[in-house]
Amino acid sequence: MKLNIVPTICPYCGCGCGLNLVSINGKIKGMEPWKRNPVNEGKLCPKGNFSHEFVNHQERLKTPLIKENGKFREVSWDEALNKIASKFQGILDEDPDLIAFLSSARCTNEDNYVLQKFARIVIGTNNIDNCAALCHGPTVSGLNLTLGSGAMTNSINDIEKSECIFIIGSNPLEQHPLIGRRILKAKSNGAKVIVIDPRYTPTAKHAHLYLPMIPGTDVALINSLMHVIIREGLEDKDFIVNRTQGFEKIQDVVKHYSPEVVTEITGIPTSLIEETARMYGEAENSSIFYCLGITEHTMGMDNVMSLANLAMLTGNIGKEGAGLNPLRGQNNVQGVCDMGALPFFYPGYKKYVLDSVREYAQCQWGCGELNDLPGLQMVEILEAAHEGRMKAMYIMGENPVFSEPETLKVKESLLNLDTLVVQDIFLTETAELADFVLPATSWAEKNGTFTNTERRVQRVRKAADPPGEARADWEIFCNLAETMGSSLFPYTSEEEIFNEIRKLAPQYAGMTWKRLENADGLQWPCPSEDHPGTPVLHRKKFLTAHGKGVFKPIELRSLSEAPDDEYPFILSTGRIIFHYHNSNMTGKSETLDNEVPRGFVEINHEDAARLAITNLERVKIKNRHGEIETKAKITPNIAKGVLFIPIHFLDCAPNLLTNSKVLDPSTKMPELKAMTARVEKLS
């Protein structure tokens, strides 16, 4: 018997917790805490504790599949790759921009880097996107415009140095439990906790101040907090003068957002708005934490820039225990963006429309002239497929049928393609529609790196052999590149790929494979091999061109659809502690799936009484875009007039109700957190 204990990183949320996988004779058998990891110090949430269970699931893909006459048949790797290459080559002869790629926040940096390189060199397109388009696209864009970098400014371990913790659009105790743990430790140290949410979540129950806000009114509330801070002289005048620009424009806007006015908009009492402003503004170190409740709106970028305004107004940027901290939803959302799996950027967020950037990449990659045309974002790719303007898609480790808005339209779009290739570990709802399905390795069966929500790059280590003929994602792209005649993917290890990443992404330049063997990992930017990494961004200057933070005056915009007599409820969505994303992994974990095996809709107890709906009764949720049926969960812990559905369950997928036609004009984000709906009893 061969026993191995392998330290690695959890494959679920963006915390980046360390854990030890236990394998016997090449098969994962269990998990043990990794106490040396700086993120979680040996503590794990339920998902982390049972993260090994899906790895050996009987439904793992083991061999390539080709669909013929509506049915899959098993084939060799050579046959699958040759046929995919032939299909792609036929399309390339017409136009490379008729092919698009979807990268994965669940895969390693090395996997994602090789995918975007394959798309740009072998195919010649910038049609590359990832799930950040539907989670943190507004963060990347909004914080780039205000702070010069779209990343979390501070570190998880300095949360305990905060004197005030301001949480909006996030429920860390369920969504990022080990960050939630740090928040509770800060509270025990004396920090004040403010939570703004239409639901009285487990996080809200620990707050000193809880503000039950009407979804979609974030900008009005944040402007009102700034109104009070300026009115009472709590702004950091030295910081504003020396480190920012545009403050006068902010003053002109927020003077119209008095607490009395904003109470009517948000439903939050005037006194509570004022108390919140004082609590945040008077603390020496105040930190802001937010997640998808801020970003997944058609005004998501406005929300992000408003929070940046609030942090700069009080000088809470560039020091420990403070900052603006977007919490990444998936394990490698930060990394997949860092690697350039985006339609507008190369690795390291370099703008490839600049000749110098393309020329440098051409030199490093040893390739010919690169495409300088802007790529399509995910929503645009699917729209192009729906209209017949996209002929092929290659999807790695994502399930857009489940996760993208307007589920039925997504299916129509994918079925309208000439060629769909899906590379995954299970036969997902998206893979079932594919012409080619390629079996990949799970995180437990590969080496590489993940970059967590605090920009910490950590090693992922192979602890088990893959099932059947499954291959690492990066290897599959290398194999396909060779099949298509390219000699520019000669990698034999993840370390070789990482060394190339260091040359293209300056934030990673000082990291080496040997340095990353350390349990602590390294936080970018790390520009040289003697640099210790950067726990706190913007200490002396911002990453904007002129080094100053930029205030962006924001006015409240209306929801894309307002409640009315026909659809009187606001429907929001989110995550619960036992599941992850679309539950392709947690749903294959017996322990986790047994906890909450099916979906539900939360309804306020007074709303339920008015509609004569009882707890666990099956109901229909309907709006202008679709309908679903599920059981009702009656609770006082949600605001009147608001519904909540978790995103994890296909039996009541809220994306059947979303509208992909109205989008944030800058980031193409649809409205996912404030849809209108009505509830109907089922006869």
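## A covered strand

Buried means under 20% relative accessible area, exposed means over 50%, and partly exposed lies in between, using a 1.4 Å probe and protein chains only. In a regular strand the side chains alternate between the two faces of the sheet. For the strand as a whole, five of the five residues of β24 are buried.

Before going on, a word on the model: it is predicted, so local features need pLDDT of at least 70 and side-chain atom pairs count only at pLDDT 80 or more, while totals for chains, interfaces and linings use all residues. Residues are numbered from 1 along each chain as its sequence is written, and side-chain values use heavy atoms, leaving out hydrogens and water.

Helices (H or I, at least four residues) and strands (E, at least two) are DSSP runs, numbered from the N terminus. Two strands pair if DSSP finds at least two bridges between them. Strands of a sheet pair through backbone hydrogen bonds, either parallel or antiparallel.

Strand β24 covers residues 600-604 and pairs with β26 in the parallel sense over five bridges. Look for F600 opposite K631 of β26, and for N604 with its bridge partner T635 in β26. β24 also runs antiparallel to strand β27 (residues 642-646), joined by two bridges; here I603 stands opposite L643.

β26 has another partner: strand β25 (residues 618-623) pairs with β26 in the antiparallel sense over six bridges. V619 has T630 of β26 as its bridge partner. With two residues between them, β25 and β26 form a hairpin.

## Patches on the surface

Patches are made of residues with over 30% relative accessible area and no salt bridge; like charges are joined within 9 Å, and nonpolar side chains (Val, Leu, Ile, Met, Phe, Trp, Tyr) within 5 Å. A salt bridge is a side-chain nitrogen of Lys or Arg within 4 Å of a carboxyl oxygen of Asp or Glu. K205, R598, K631 and K633 form a positive patch. K633 belongs to strand β26 (residues 626-635), and it counts as partly exposed because its relative accessibility is 38%.

M1, L3 and I5 make a nonpolar patch of about 380 Å². M1 lies in the segment before β1 (3-9) and is exposed, because its relative accessible area is 80%.

## A seven-strand sheet

Elsewhere, find the open sheet of seven strands in the order β5-β4-β18-β17-β16-β6-β7, with mixed pairing. Its edge strands are β5 (71-74) and β7 (128-129), each pairing on one side only. Within this order, β6 (residues 99-102) and β16 (residues 392-396) run parallel and are joined by four bridges. L102 has I395 of β16 as its bridge partner.

## A tryptophan in a loop

Finally, visit W34 in the loop between β3 (27-33) and α1 (46-49). W34 counts as buried because its relative accessibility is 10%. The C-alpha atoms of W34 and K192 are separated by 30 Å, and these residues are 158 residues apart along the chain.

Key. Areas by Shrake-Rupley, 256 points an atom, 1.4 Å probe, with all protein chains shown as cover. Lys, Arg positive; Asp, Glu negative; His and termini not counted. Charge placed at Lys NZ, Arg CZ, Asp CG, Glu CD.
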